[in-house]
Amino acid sequence: MAIDILDDFRNPEKCRRLVIKIGSALLVDGAGQVRVEWLRTVVNEVFTALERGQEVVVVSSGAIAIGAKQLGFTHGGKRTLAEAQASASVGQISLASTWSSLLTERRLVAAQLLLTLDDFEHRRRYLNISATLRRLLKSGVVPVVNENDTISTGEIRFGDNDRLAARVAQACDADGVILLTDVDGLYDRHPDDPEAERLEEVRGVTDEIHAMADGGSGSGLGSGGMTAKLLAAEIAERAGIALAIMNGQHEMPIGRALAGQAGTLFLPKREDSGRRAWIGGRMRFNGALTVDDGCVEALQSGKSVLATGILKVEGEFERGDILPVYDENRRMIAKGVVEYDWSDVVAIKGHSSEEHEDILGHTPRSAVIHRDHLVLL
């Protein structure tokens with residue numbers, strides 16, 4: 001059974017494993033202090049979920065905001081990369097200590113996982129994350145996950161914990177993700193507009209849905225606005241995971257939102273295999289391919305990416321890398337494992353398969369990206 005409505009997030013038969021993401025704006029007040037009493041109510045909700053037979057992973061922001069206050073940094077510790085990393089290294093101790101203390105009050109054991117984008121992009125490390133999370137959950141532990149901002153740089157970081165939560169859910173085979181934020185859900189226009197209406201359910205994040213989102217973080221503490229949450233929903237929906245955006249500003253926020261059926265529920269479009277879900281969730285690339293309209297049509301019919309349909313090759317990638325595939329309007333339509341190094345693709349792009357052996361000097365492969373290793377978006 002799968003999640004169909006918001007209330008299913010507390011049904012262990014439909015949501016056996018749940019990921020809850022909490023942003024900095026909810027967890028940390030304007031003085032840089034953890035909102036301990038509010039957080040205690042969230043921990044009570046985690047305890048209740050475990051009592052009814054669910055397993056829970058928490059993705060918690062807040063380290064930079066907490067550390068910046070302790071170090072006396074202005075601009076929330078985000079003025080420079082060095083200040084952000086220093087803030088994270090100080091704040092993470094306080095954040096982890098708070099989580100451990102509050103979970104211990106309910107006789108629960110906390111585990112800390114600090115992860116980077118690179119950890120998810122490399123297949124072996126991703127599998128290690130998956131195995132660790134599963135073992136912790138089997139032991140009744142509550143994993144508390146955050147991005148390792150102490151070592152993350154622009155090239156190897158998520159930049160927001162919304163997408164991190166979706167990738168964590170993917171790695172631990174969760175059934176649902178709850179993103180707690182400062183609004184009731186996704187609105188068809190800016191929530192401050194008196195005519196704005198909340199969407200109760202979304203089946204597939206489209207360009208029209210993206211157009212409804214803004215990219216900012218209202219408090220200035222967090223790094224993810226509604227745009228980041230929609231990107232997280234896209235990752236989740238391809239892995240067969242339901243995702244909900246709920247208002248987390250009140251005490252016992254999840255129970256309150258579910259009781260009032262308040263929030264936006266994103267239902268999955270499909271359920272890719274573990275490897276396909278990993279490919280579809282990939283965020284960092286060493287290159288890219290742009291293909292013509294004929295190739296796009298072929299891909300939508302279940303075909304492979306052939307050299308004859310490639311218009312442009314970017315980057316210096318190697319065989320086995322995962323690449324995004326764009327159409328002529330620069331819309332990403334697929335991701336897949338490339339069968340050639342970049343120089344070979346440059347040489348054969350636009351040429352028919354009959355010409356490949358003469359161009360390359362060796363027996364060619366059946367496709368540049370084979371359909372068995374391709375995920376349509």
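**Entry 1: Asp-182**

I started with Asp-182, which sits in the loop between β5 and β6 (201-203). I noted that this is a predicted model. Is Asp-182 buried, partly exposed or exposed? I found a relative accessible area of 34% for Asp-182. Buried means under 20% and exposed means over 50%, so Asp-182 is partly exposed. Next I looked up its contacts, leaving aside neighbours within four places in sequence. Asp-182 is in contact with Asn-247 and Gln-249.

**Entry 2: Thr-181**

I moved on to Thr-181. Thr-181 belongs to strand β5, which covers residues 176-181. Its relative accessible area is 10%, so I wrote it down as buried. Which residues does Thr-181 touch, not counting those up to four places away in sequence? I listed Leu-26, Lys-229, Ile-245, Met-246, Asn-247, Gly-248 and Gln-249. Asn-247 and Gln-249 were already in my notes as contacts of Asp-182.

**Entry 3: A record that names both**

I checked the UniProt record next. Under "binding site", in an unreviewed entry, it lists Lys-21, Thr-181 and Asp-182. I asked how these residues are placed in space. They are spread over 162 residues of sequence, yet they cluster in space. The largest C-alpha distance among them is 12.4 Å.

**Entry 4: A further annotation**

The UniProt record, again unreviewed, also gives "binding site" for Ser-61, Asp-149 and Asn-161. These residues spread over 101 residues of sequence. In space they cluster, with a largest C-alpha distance of 11.0 Å.

I took Ser-61 by itself. Where is Ser-61 found? I located Ser-61 in the loop between β2 (55-60) and α3 (63-71). Ser-61 has 10% relative accessibility, so it counts as buried.

Asp-149 came next. I found Asp-149 in the loop between β4 (142-147) and α7 (161-171). Asp-149 has a relative accessible area of 11%, so I marked it as buried.

**Entry 5: Phe-120**

I picked Phe-120 from helix α5, residues 117-121. Its relative accessible area is 0%, so Phe-120 is buried. How many residues apart in sequence are Phe-120 and Leu-164? I counted 44. In space they are 9.2 Å apart, C-alpha to C-alpha.

**Entry 6: The whole protein**

I stepped back to look at the whole fold. The protein has 14 helices and 13 strands. Its radius of gyration is 22 Å, close to the 21 Å that the globule rule gives for 377 residues, so the protein is as compact as a globular protein of that length. The C-alpha trace spans about 70 × 45 × 45 Å along its principal axes.

I looked up burial too. Of the 377 residues, 51% count as buried. For contacts with a separation of 6 or more, 73% come from residues 24 or more positions apart.

Last, I checked surface and charge. The accessible surface is about 16,700 Å², and 46% of it belongs to carbon and sulfur atoms. The protein has 43 positive and 55 negative charges, and their mean positions are 6 Å apart.

Key. Residues are numbered from 1 along each chain as its sequence is written. This is a predicted model: local features need pLDDT of at least 70, side-chain atom pairs count only at pLDDT 80 or more; totals for chains, interfaces and linings use all residues. Side-chain values use heavy atoms; hydrogens and water are left out. Helices (H or I, at least four residues) and strands (E, at least two) are DSSP runs, numbered from the N terminus. The radius of gyration is taken over C-alpha atoms; the globule rule is 2.2 Å times the number of residues to the power 0.38. Buried means under 20% relative accessible area, exposed over 50%, partly exposed in between (1.4 Å probe, protein chains only). Contact means heavy atoms within 4.5 Å. Accessible areas come from the Shrake-Rupley method with a 1.4 Å probe; for residues, only the protein chains shown count as cover. Lys and Arg count as positive and Asp and Glu as negative; His and the chain ends are not counted. The place of a charge is taken as NZ of Lys, CZ of Arg, CG of Asp or CD of Glu. UniProt positions are given in the numbering used here, feature names are shortened, and annotations may be inferred rather than shown by experiment.
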